[in-house]
Amino acid sequence: MSQPDPRLAQTFCGMSFASPLILLSGCVGFGEEYTRIEGFSNRDCGAICLKGTTAAPRSGNPPHRIYETSSGMLNAIGLQNPGVDHVIQNILPELDFNETRFIANVSGSTLEEYREVTRKFNDSPIDAIEVNISCPNVKAGGVTFGNDPDMSAKVVEACREVTAKPLIIKLSPNQTDIAGNAAGCIEAGADAFAVINTLMGMAIDIENRRPYIGNNQSGLSGPAIKPIALLKCHQVYQVSKAHDIPIIGQGGITNAVDAIEFLLAGASAVGIGTALFYDPLVLPKINQGILDYMHRHKIQCITELTGTLQLNSADSVLTGTGCSC
Amino acid sequence: MASPSYSANKSHRNTIFVVDAEILRHEVYPGHQHILRVQAEDCARQARPGQFAHLTVDRQRPMRRPISIMRASPDQGWVDFLYKVAGEGTRLLSQRKAGETISVMGPIGKPFTVKEKKPLLIGGGVGMPPMICLAEALRRQVDVQPLVILGSEIPFPFDSKPSQLMLQGMPDGVIGGMPLLEDWGIASRLASLQGYPGCYEGYVTDLAKHWLEALSADQRAQVGVYACGPEPMLRAVVNLAREYQLPVQVSLEEFMACAVGGCAGCVVAVKAEQGVAMQRVCVDGPVFDGLRVY
Ligand SMILES: Cc1cc2nc3c(=O)[nH]c(=O)nc-3n(C[C@H](O)[C@H](O)[C@H](O)COP(=O)(O)O)c2cc1C
Ligand code: FES
C-alpha cells in the first residue's frame, strides 16, 4: 500500500496528515464512497471530512440538487444525513482509521444542536470536528450563523465547551468581514479554520422561468470561486498566523498549481471537493505536482510553504479596507 | 435516508474503473442522436444491463455526464452508448471524433434483475439503450422470451424491418422491429405518434396493453416489466403494471456530480417502510422498483 512521499506529511492540530490534501465535506459521503473506484485510495489524502451531520436525520432538499455552471457547479443538498447517532454507531465502525484521518462535519439549526452533535462526536473515534457555520442550503443555522460574527463566536464557544478534539471552524465567504469573524472565533476557542465554503448563487431555466435547483438558491463551488477563496484564505491568515492557527484552504482547487497558491496564501492544508467529480483519480497527481514544485524550489517539508507569499507593496486591499478600483 | 450501501467486507471497493478511452466510432443519426463506441476494457467486462458510465465531455466543463450503457463487448473491450444532444454538455460530447480520447468511468449502479419468463422491456427515446443492453443479456438465457417495445418521436436510430417473429395481440400493420434484436431472436415492436411505417401509432403503453390482453392469465403471471425513458412514459408504464399487477423496474435519470454516492446530488424520492427516503440514483439506482418511485 503506497503512501504519499514523507515530505508531504505534517502534523495538523496534533493529527498526522500524510498529505496536505483534504477531501471536502459533502463531496465524498461518509468516507467510503470513492473507494468504489479502482485506483482511488483514502491513503492519498491527509484527511477526509465526512458529510455534514445533524442531531436528527435529515432527508435534504427536493431535486434538482445540482447544476453545472461556467467553471463550477451549484448545489443545494440540504444536509441530507442519517443523524449523528447513526453515523457514530453504524458508519464510523466501518471506516479504516489506518488509511487516513476522519473529520466529522457538524451542522445545526440551533446553538444547542451544534453543542449536542459535537458532544456526541467527542465520545467517538473521530479524529477532529469541523463546525460548519457556513452551509448556504438550510433555512435555520448554517450560514445565517456564520455571517453573524457574534453568533459565529457563540457556536464555537458552545462546541469548545464539549470537546477537546481539534475544532476546525468552516467559514462562510458570504460575509463582509471574514477576518474579523475569524478573530472572534479564535477567541472563542477555534483550533483551525476551513476557508471557504460555497458562495450563494442561482441558475435559471429560462424556458420554464424557474431556478434549476429545487431549493431556488444554492452554493457555488469549483474553479469559478477559486480567486475569491484564495483572497479570503489570505485574509484569514492575516489574523490566524499570530495564533499559530492553521487553515485548510479550499474552493475550486483542481491541480497542484491551485493547491500551491493556497499554501502560499497561508493555508497549511488544502481541500479537494468538486475537482473529484471531474477526475476521481486527481489526488496522486496533485501530490506529485506539489512534490515536483518542492523539489524545484529546494523545499524539504510541505510546512515550509505556508504563508510564504511575497506581497506587492499595496497590501491594504488584503485587509478588506482598501479599494481596488 | 439512504445509508451508505457498502458492507463491512468492503466488497464495494474497486468496482468502478476510470480510463482514458479511445473513441472507436461516433455516428450521428437524425434528431441529434449519436452512437458512441469507446475502448474501455474493464468497463466492458463488468457492465450489466441498467448500468451507466460517467463521461467527460470537454476539458472546459467541470462535470461529467452519466450515459446508459447500450452494449458492451467483454471480448473486444468496447462499450456503446446512445445519447441525444440535450444541452451544452452533450453538444460538446457530440463533437468528439474517432481517435480522440474521453475519460470513461464505469460501470456504475444497480442493474436490472430479471426473474420472469416473459419480461416486457419498454424503452422510450434515449431510454432505449438499457433495454437493448438487457435484451442482449437475456438472449443467452434459455426459456426466457422477452418482448421489447421501443418508442420514439424522432426517427429511430436504426432502420426498422418487418419482424419475422410472430406476436400475439398486435394490431394490423404493427410489424416493424429492430433488426439487431431480430438477429438475436428477440421480438420487438415500435411505437410512435409520428406515423412511421410499420410502427404502432400511439403510446408504448397502449401497444403493451394489446399484447397483455392477448395473453392467458397463466402467461400474464409470468410477465415482469422493465422500462427506461422520459418521466411521463415511466409513470404510464408503472400505472400499466399496477393495473395488471405486474412487477416493474424502472431506470431513472438525474443530474449527477460524483456518480459514486458521495454528494447526494442525484436523489429521487422512494417510498420506504417508514415514509419517503431520498435515494441516490447513481448507486442506490439507477434501477428502482417502479411501484416505489411513481
Ligand atoms: C455537493 C456538495 C455538498 C457539500 N456539502 C457540504 C457539507 O455538508 N458541509 C460543508 O461544510 N460543506 C459542504 N460543501 C462545501 C465543500 O465542502 C467545499 O467547502 C466547497 O465545495 C468548496 O470547495 P470545492 O470548490 O473544491 O468543491 C459541499 C459542496 C458540494 C459541492
Ligand atoms: S451523483 Fe453524487 S451521489 Fe449520485
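Colleague: How many residues of strand 8 of chain A are buried?

Modeller: This is a predicted model. Strand 8 of chain A, residues 128–132, is mostly covered, with 5 of its 5 residues buried.

Colleague: Which way do the residues of strand 8 of chain A point?

Modeller: The general idea is that side chains in a regular strand alternate between the two faces of the sheet. In strand 8 of chain A, A128(A), E130(A) and N132(A) point one way, while I129(A) and V131(A) point the other way. All of these residues are buried.

Colleague: Do strand 7 and strand 8 of chain A run parallel or antiparallel?

Modeller: Strands of a sheet pair through backbone hydrogen bonds, in either a parallel or an antiparallel manner. Here strand 7 of chain A, residues 101–106, runs parallel to strand 8 of chain A, and 4 bridges join the two. Within this pair, I103(A) has A128(A) as its bridge partner. Between the two strands the chain passes through helix 2 of chain A, residues 111–122, and this β-α-β crossover is right-handed.

Colleague: In what sense does strand 8 of chain A pair with strand 9 of chain A?

Modeller: The pairing with strand 9 of chain A, residues 167–170, is parallel and extends over 4 bridges. There, I129(A) has L167(A) as its bridge partner.

Colleague: Let us turn to chain B. In what order do the 7 strands of its open sheet stand?

Modeller: The order is 12-11-8-7-13-14-17, and the pairing in this open sheet of chain B is mixed. Strand 12 (200–201) and strand 17 (287–289) of chain B stand at the edges; each has a single partner strand, so one side of each is left without a neighbour in the sheet.

Colleague: Over how many bridges do strand 8 and strand 11 of chain B pair?

Modeller: Strand 8 (residues 147–151) and strand 11 (residues 187–192) of chain B pair in the parallel sense over 5 bridges. In that pair, V148(B) stands opposite S188(B) of strand 11. Helix 3 of chain B, residues 128–138, packs on this sheet and touches strands including strand 7 (118–124) of chain B, with whose direction its own makes about 155°. Helix 5 of chain B, residues 204–214, also packs on the sheet, and its direction makes about 155° with that of strand 8 of chain B.

Colleague: Which strands of chain B close into a barrel?

Modeller: The barrel has 6 strands in the order 1-2-5-4-3-6 of chain B, with antiparallel pairing. From one strand to the next, the twist averages 45°. Strand 2 (residues 33–39) and strand 5 (residues 78–84) of chain B pair in the antiparallel sense over 7 bridges, and V38(B) stands opposite V79(B) there. Helix 3 of chain B packs on this sheet as well, touching strand 4 (65–72) and strand 5 of chain B.

Colleague: How many residues does each chain give to the contact between chain A and chain B?

Modeller: In general, the size of an interface is often given as the accessible area lost when the parts come together. Counted in residues, this contact takes 40 from chain A and 32 from chain B. The side of chain A that touches chain B comprises 19 nonpolar, 14 polar and 7 charged residues.

Colleague: Where does ligand 1 lie?

Modeller: Ligand 1 lies between chains A and B. Strand 4 (47–53) and strand 16 (269–272) of chain A are the elements giving two or more residues to its shell. Of the 30 residues around ligand 1, those that come nearest are G26(A), G52(A), S221(A), G273(A) and T274(A). By class, the shell around ligand 1 has 11 nonpolar, 17 polar and 2 charged residues.

Terms used:
Residues are numbered from 1 along each chain as its sequence is written. Chains are lettered from A and ligands numbered from 1 in the order in which they are written. This is a predicted model: local features need pLDDT of at least 70, side-chain atom pairs count only at pLDDT 80 or more; totals for chains, interfaces and linings use all residues. Two residues are in contact if their C-beta atoms, placed from the backbone, lie within 7 Å. Ala, Val, Leu, Ile, Met, Phe, Trp, Tyr, Cys and Pro count as nonpolar, Asp, Glu, Lys and Arg as charged, and the others, Gly among them, as polar. A residue is buried if 20 or more other C-beta atoms lie within 10 Å of its own, exposed if 12 or fewer, and partly exposed in between; C-beta atoms are placed from the backbone. Two strands pair if DSSP finds at least two bridges between them. A crossover is right-handed if, with the strands pointing away from the viewer, the path from the first strand over the helix to the second runs clockwise. A residue is near a molecule or strand if its C-beta atom, placed from the backbone, lies within 6 Å of it. Axes are lines fitted to C-alpha atoms, for helices over the stretch in contact, and angles run from 0 to 180 degrees between N-to-C directions.
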